[in-house]
Amino acid sequence: MIDTDRFVAVFERELATLRRTRSIWLLALGYFAITVGIGVFSDTSGYVPLTLTLLTPVELLIPALTAAVGYRSVLADRERGETSILQTYPLGPGTYIAGVYCGRLAWTLLVVTVSLLVAALTVSFASPPADVLAEYTGIDSPVYYFRFVVLTAVFAAVILALMVLLSTLVRSARRGIVAALMVVVVVAIGIDLVIVFGVAGGVIGGNILPWYLALSPVSAYRGLVMAYVVSPVAATVVRPASPLMSAISLLLWLVVSLLLAGIAAWSTPSHVMSE
Amino acid sequence: MSDTNQETTTRSDTLLAVKDVSHSFGDVNALDDVSFDISRGSVTAIIGPNGSGKTTLAHIVTGLRRPDSGEIALDASSDRPIGYLPQSPRFRPVFTVEETLQFYADLLFTPVDIDAAMERVGLSDVPDRRVDALSGGMRRLLGLAQSVLGDPSLVILDEPTSGLDPRMTKQIFDIAAGQADDDTAVLLTTHDLSYAANADNVVVLNRGTVIDSGSPAELTARTNTESLAEAFLAMVGTTPTVQTGTGGD
């Protein structure tokens, strides 16, 4: 159970910590510059083309951003000895993890959504080139781009949950960095590569490929973007991962990561019998 | 331990009972059948050579580590039964003294007077100073102020004066001694035997075993020595040996 008052205390502490940390602002600035820069230099002429332009960079940037924000979220308290102190207060590990996660998530979502929304301002409304007209049959709309922003926020929430779990498991900052980099590589590329090899080796058949694609957070996210942002306006047939399975997959990654983080946050439950 | 329902009429004088606690790290026995009691209002010092199991014992009593066997019984009912100060505590550097204490106070169910907590440890002049601008001694005082928030029944201080100058050491021991009253007991691990001699009780650990315990006067009398430091050397010997335990003492 989450205790509201103690959750708010931890949540506000996380937000204040991020707000006062210079490197976090530099990170936000970098993410903003890259995202908006891609929008500016790609000179896209529609919201859906911009989505497709941003999709692959975002698949890499979100794991990198959440790794930087999340890998020390719990580890830093443990390294300072504050986790030991926190366990002597009436604060459950679930409430602690919820507060840490939501505080970091609030900041992450602010950076991600503001960057994507500003990038949307770079869309050119001049007449698109003929090849663009040939690729899209439907009416381009900011609604589709808004869907992309929402799905990207969900993707960021899932990967951040993974990073918070990682932060509860590692025992040193160095191992935390290595583990975070491994998670970024595995999430961004690794699982997709395994699926590609599975398809190439004939282990994964074409009919069940959309189901397998939903297993990876990145593929699930990409599948949902294809299904709800690109497919409605694309002239060519887009065959994404199963939308339902993708949504369930992302939900499971999120919930299981946070549950495991809650279990692992206090390494040992108190055994002292207090009357 | 006394029954909570009978607390007002038959409350035991014993606040904490440690009974036959053993703990090992792999093949290394950190603690072996450790037993002792702590009375309300007392200051108990756990002393022992490096690696004798002091920090492991502090972790187990605090509830941070589960013993392999044995029991810990604490007769306390407050929303924070145990206050804890780890070795060399550090706090988030971007917060001030007051903000740090306020965060911990917000975790308690009952309101806490932060100003009084800062006054008690001598930090009332620097409420707005950031943690990263505090000296090592002031950080220890901040940790001490945190350890007594919520009026815990038992305050555990793990080597609270290691690495501090004599003046700061005296201040911290004075504050710790002042914290012990009718409802609160203090348990501290230390290498500072001159101040441990002021404790009500001393538990001597060596190789994870309690080799003696009692008041400082009792220990010196039993070893026919004149000071706790001499008594300590008489009990554990003067030749350093490889001791048991990992992760601190």
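Reader: What covers the buried residues of helix 4 of chain B?

Author: In this predicted model, the cover includes helix 3 (97–106), helix 5 (136–147) and helix 6 (166–179) of chain B.

Reader: Which residues of helix 4 of chain B are buried, and how do you know that they line one face?

Author: The helix spans residues 114–121, and its buried residues are Ile114(B), Ala117(B), Met118(B) and Val121(B). Viewed down the axis of helix 4 of chain B, the buried residues sit within an arc of 95 degrees, so they line one face of the helix.

Reader: What makes Asp113(B) a cap of helix 4 of chain B?

Author: A side-chain oxygen of Asp113(B) is 3.1 Å from the backbone nitrogen of Asp115(B), at the N-terminal end of the helix. A polar contact requires N or O atoms within 3.5 Å, so the 3.1 Å pair meets that distance limit. Just after the helix comes Gly122(B), with a positive phi of about 85 degrees.

Reader: Why is Glu82(A) called buried?

Author: Its relative accessibility is 2%, and the cut-off is under 20%, so Glu82(A) counts as buried. Glu82(A) belongs to helix 5 (residues 82–86) of chain A.

Reader: What makes the pair Glu82(A) and Tyr104(B) a polar contact?

Author: Their side chains are joined at 2.4 Å, and the limit for such a pair of N or O atoms is 3.5 Å. Apart from neighbours within four places in sequence, the residues in contact with Glu82(A) include Arg13(A), Asp77(A), Arg90(B) and Phe91(B).

Reader: Why is Arg90(B) called partly exposed?

Author: At 43%, Arg90(B) falls between the limits of 20% and 50%, so it counts as partly exposed. Arg90(B) is in the loop between strand 5 and helix 3 of chain B. Beyond neighbours within four places in sequence, Arg90(B) is in contact with Glu79(A), Arg80(A) and Glu82(A). A polar atom of the Arg90(B) side chain lies 2.7 Å from the backbone oxygen of Glu79(A).

Reader: Why is Ser88(B) called partly exposed, and why is Asp151(B) called exposed?

Author: Ser88(B) has a relative accessible area of 42%, which lies between 20% and 50%. Asp151(B) has 53%, and exposed means over 50%, so Asp151(B) passes that limit. Ser88(B) has a positive phi near 45 degrees, in a residue other than glycine. The phi of Asp151(B), another non-glycine residue, is positive and near 45 degrees. Ser88(B) is found in the loop between strand 5 (82–85) and helix 3 of chain B, whereas Asp151(B) lies in the loop between helix 5 and strand 6 (154–158) of chain B.

Reader: How do you know where empty space is left?

Author: A probe the size of a water molecule is rolled over the atoms, and this shows where space remains empty. The count is 1 cavity of 30 Å³ or more.

Reader: What makes this space a cavity, and which residues line the largest cavity?

Author: A 1.4 Å probe fits inside a cavity but cannot get out. The largest cavity has a volume of about 60 Å³. Its lining includes Arg13(A) and Glu82(A) from chain A, and Phe91(B), Arg92(B) and Tyr104(B) from chain B. Helix 3 of chain B gives the largest share of that lining, 4 residues. By class, the lining of the largest cavity has 4 nonpolar, 1 polar and 4 charged residues.

Reader: What is the volume of the second largest pocket, and which residues are closest to its centre?

Author: The volume is about 500 Å³. Of the 22 lining residues, Thr17(A), Thr21(A), Arg72(A), Ala76(A) and Arg80(A) are the closest to the centre. Helix 1 (4–19), helix 2 (22–42), helix 3 (47–70) and helix 4 (75–80) of chain A each give two or more residues to the lining. The lining of the second largest pocket divides into 11 nonpolar, 3 polar and 8 charged residues.

Methods:
Residues are numbered from 1 along each chain as its sequence is written. Chains are lettered from A and ligands numbered from 1 in the order in which they are written. This is a predicted model: local features need pLDDT of at least 70, side-chain atom pairs count only at pLDDT 80 or more; totals for chains, interfaces and linings use all residues. Side-chain values use heavy atoms; hydrogens and water are left out. On a 1 Å grid over the protein atoms alone, a cavity is a set of points where a 1.4 Å probe fits but cannot get out, and a pocket is an open set with protein on both sides within 12 Å along at least five of seven lines; lining residues have an atom within 4 Å of a point. Grid points are joined across faces, edges and corners, and a volume is the space filled by probe spheres set on the points. Ala, Val, Leu, Ile, Met, Phe, Trp, Tyr, Cys and Pro count as nonpolar, Asp, Glu, Lys and Arg as charged, and the others, Gly among them, as polar. Buried means under 20% relative accessible area, exposed over 50%, partly exposed in between (1.4 Å probe, protein chains only). The arc is that of the directions from the helix axis to the C-beta atoms. Contact means heavy atoms within 4.5 Å. A polar contact is a pair of N or O atoms within 3.5 Å; within protein, one must be able to donate a hydrogen and the other to accept it, and residues adjacent in sequence count only if both atoms are side-chain atoms.
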